[in-house]
Amino acid sequence: MLDAIFEMFKGNMVYIPLIQPIVNALMKIPIVNYIVALILWKPFFAVAILPGLGGIMIVLLLMVYWERKLTARVQWRVGPLEVCRPLRGLIQPLADGLRYFFQEVIVHVEAHRPYYVQLPILTFIPVLLPILFIPAGEIVAVRSQYAIQIIVALIALIPITIIAIGWASNNRFAYIGTVREAMMYFAYEIPFVIAVLAMILMYGSGDPYVIVEKQTVPGIVMNPIAFLVFFIATLMATSRLPFEIPEADQEIAFGPFVEYSGILFGIVMTLAYEKLYIMCLLMTILFFGGWSGFAIPLLGDLTPAIWLFVKAVVIMLIIALSRSIYPRFRLDQALRLGWTSMLGISLFSLAIAVVKVWWLG
Amino acid sequence: MKEFSIDVPVEPPTELKPLFVPIPAEYVEDAYKSDEFIVLVGPQHPGSGHMRIIVKVHGDIIVDAIPDPGYVHRSMEKIAENRLYIQNIPLFERPSIMDNANFNLGYIRAIEESLNIEVPERAKYLRTIMAELCRIGTHLYDAAILAVFIGHTTGFMYPFAVREIICECLVRMTGARFTSSFIIPGGVRRDVDKKVLDFVRKATFEIERRLKNFEKIFIKNPATIARLREVGVLSKEEAIKYGVVGPFLRASGVEYDVRKIESYEAYDDLDWEIVVADEGDGYARFLVRVNEINQSLNIIRQAIAKIPEGDVISQDLFEGVDSSTKNPKDIRGAFYDVFANLTLPLGETTTLTEAARGLLLYTIVSDGESNVPYRVRIVTPGWLYLRGFMESLKGERLADLQAIYGSFGYFPPEADR
């Protein structure tokens with residue numbers, strides 16, 4: 001039985017020429033070879049290392065630092081610097097994370113205790129589920145020809161966990177934030193789905209492999225309107241400014257997360273970044289040619305994953321700039337934007353797709 | 001729009017009972033019986049400052065707003081009764097530390113009016129320059145607070161960076177970034193030399209240049225305009241009825257400025273205009289103050305160009321003082337001889353000053369024999385427009401509370417005194 005599983009792992013391993021001698025050596029050691037085979041087993045590698053959990057960790061550390069540093073540059077400041085001066089404060093997010101770990105977690109009397117404590121950890125489920133279906137070349141967990149549709153459906157689960165968090169907190173500001181989150185969800189979800197639909201129609205398939213293959217010119221050139229809708233929807237979905245409405249700290253003091261402290265706050269705070277990462281991966285696949293890029297012989301199977309990751313991260317770094325440019329919209333303004341302009345241009349992008357597919361071939 | 005009421009039994013939250021909230025218990029119960037909701041914004045709320053606003057909301061719309069100020073009340077009027085007139089100067093700078101020169105000026109002018117001292121021309125010009133620098137500083141501070149209240153952190157940092165230039169000007173003129181107690185009865189403490197005045201003149205151009213960046217990123221930002229336009233509107237009649245003062249009154253279309261109507265210091269000799277807007281909404285209140293910054297820069301440049309040579313301390317004060325310490329350009333050495341036993345004649349003196357946030361009133365009552373005031377009354381602009389601020393909240397959305405708060409530049413330490 002164990003041998004059968006080991007054989008299955010061995011038959012589907014990520015081949016990286018750079019570390020292949022080490023892998024070969026490790027495979028000769030009795031117990032270690034099982035672990036190495038598991039880690040390098042392609043489905044596991046996709047979820048746990050790249051573009052999965054490992055990618056998320058790198059993104060969290062990089063993104064928090066970059067966002068603070070970039071905002072500081074725009075604002076005539078220096079930004080994080082004192083934690084490890086030679087690296088210009090690069091490990092500041094790590095220091096913050098450590099601080100969260102050693103801080104007391106306060107569970108207030110009025111909270112619904114079990115849900116209040118569980119939910120921040122449970123939120124990782126809807127965050128990690130879409131990663132199962134995001135392929136990076138040969139590295140993929142579940143291969144499906146409806147992958148894009150499934151990813152979009154699973155992303156829609158994330159707001160539900162936030163709403164549950166706000167409800168379990170049993171606080172007035174958390175309640176208002178929860179309602180705002182639900183409202184915002186309605187504002188962006190339909191234009192977002194229509195924009196994705198337009199792209200699927202254009203490529204003729206929801207299979208990421210077909211989509212990447214068909215992008216001889218990137219999707220952003222083929223249908224820029226759909227990209228615009230997707231981009232604004234990303235800002236709304238991840239509550240970046242100017243749509244940082246559910247968490248508006250000056251208005252409702254971090255909304256659904258108002259009562260959290262310590263490591264639980266550390267976890268819920270990263271939720272928006274994780275969602276941003278997944279939406280950027282989807283954006284890369286749909287509009288920026290996915291994992292296509294020139295091959296790096298030394299990295300072997302890892303090359304597509306690296307390309308996908310790098311493209312997604314670059315988009316994220318650009319999105320970080322929005323924070324220093326815009327103030328926050330009001331909820332009703334965001335809703336109006338979602339249901340009029342965005343819905344309108346998303347339908348227009350669908351029309352472009354229809355015209356391109358049926359009349360121009 | 002049709003409304004659906006959901007019949008859920010809701011208990012008034014217990015936290016409203018032990019807190020010393022200035023509302024009757026029935027008010028809370030009534031709100032919870034209907035489908036309204038009471039939100040306490042403050043005093044630990046990130047968007048409330050040192051005050052609490054009790055907001056009754058119906059859905060997302062504010063029905064009623066009750067202010068609960070007094071968290072930073074320092075009892076200045078009472079403290080002033082036990083201090084010498086001269087010791088009160090640093091005290092009365094404190095209500096609004098950015099606006100110290102204007103607050104100082106009101107108090108000093110009341111003393112001067114009572115003693116009937118004629119202030120030398122050069123001192124008047126120096127006071128005008130200081131008052132306008134502090135006015136710009138306060139407006140920038142308020143703009144920064146407005147920006148961060150609607151979530152624009154860059155709009156928060158830029159004005160504070162610009163304010164550093166003003167602080168540098170004040171350092172070179174007076175020796176302190178703010179609360180310098182530079183204005184004294186009969187003039188100013190020291191003369192300011194030409195080099196420093198040239199620096200201040202150059203600084204006004206630098207401020208103007210940097211404000212262009214601020215204008216690009218915040219003032220003309222479409223999201224800012226969307227947040228502030230047609231929000232918290234006070235019509236001309238309402239503004240007068242609720243006793244709103246200063247730039248906020250002018251934003252509602254009332255042309256009233258103490259500097260023009262009861263001119264003091266050097267304002268009459270200089271060429272400037274009252275900034276007025278008609279809309280009366282949050283954006284108008286903000287724009288009026290932005291334009292006032294430009295007017296103030298203009299006033300400073302003119303004052304520096306026109307400033308006459310001469311003494312800076314009135315000769316009337318030096319009667320009976322040892323002649324070796326007499327110096328009409330510097331009070332050092334003669335300070336205690338002149339001011340320690342300063343006594344005001346019997347009676348009451350009132351002065352009006354246009355502070356950055358509006359009308360500022362000082363009344364000094366003296367019994368004619370003691371060297372401390374019998375009573376000092378200070379009415380600050382923040383306290384005067386609090387009513388208008390609360391009225392403008394009604395009918396707006398809960399998210400607009402911070403935008404309106406910022407557009408009024410309400411400063412609790414100033415209002416509470």
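I looked up the A–B interface first: chain A and chain B bury about 2700 Å² between them, 58% of it on carbon and sulfur atoms (buried area being the accessible area, 1.4 Å probe, that two parts lose on being put together, summed over both). A:Trp76, A:Arg172 and A:Gln250 supply 29% of what chain A buries against chain B, more than any other three residues.

This is a predicted model, so I note that local features need pLDDT of at least 70 and side-chain atom pairs count only at pLDDT 80 or more, while totals for chains, interfaces and linings use all residues. Residues are numbered from 1 along each chain as its sequence is written, chains are lettered from A in the order written, and side-chain values use heavy atoms, without hydrogens and water.

Next I checked contacts (heavy atoms within 4.5 Å): 27 residues of chain A touch 35 of chain B.

Then salt bridges (a side-chain nitrogen of Lys or Arg within 4 Å of a carboxyl oxygen of Asp or Glu): I get two between the chains. One of them pairs A:Arg330 with B:Asp400, closest N and O atoms 3.1 Å apart.

For helices (DSSP runs of H or I, at least four residues, numbered from the N terminus), α5 (53-74), α11 (172-203), α15 (249-252) and α18 (331-359) of chain A each put at least two residues on the side touching chain B. α11(A) gives the most, with five residues.

So what starts α11(A)? I found A:Asn171 capping its N-terminal end, with a side-chain oxygen 2.7 Å from the backbone nitrogen of A:Phe173. Just after α11(A), A:Gly204 takes a positive phi of about 75°.

Notes. Polar contact = N/O pair within 3.5 Å; in protein donor to acceptor, adjacent residues only side chain to side chain.
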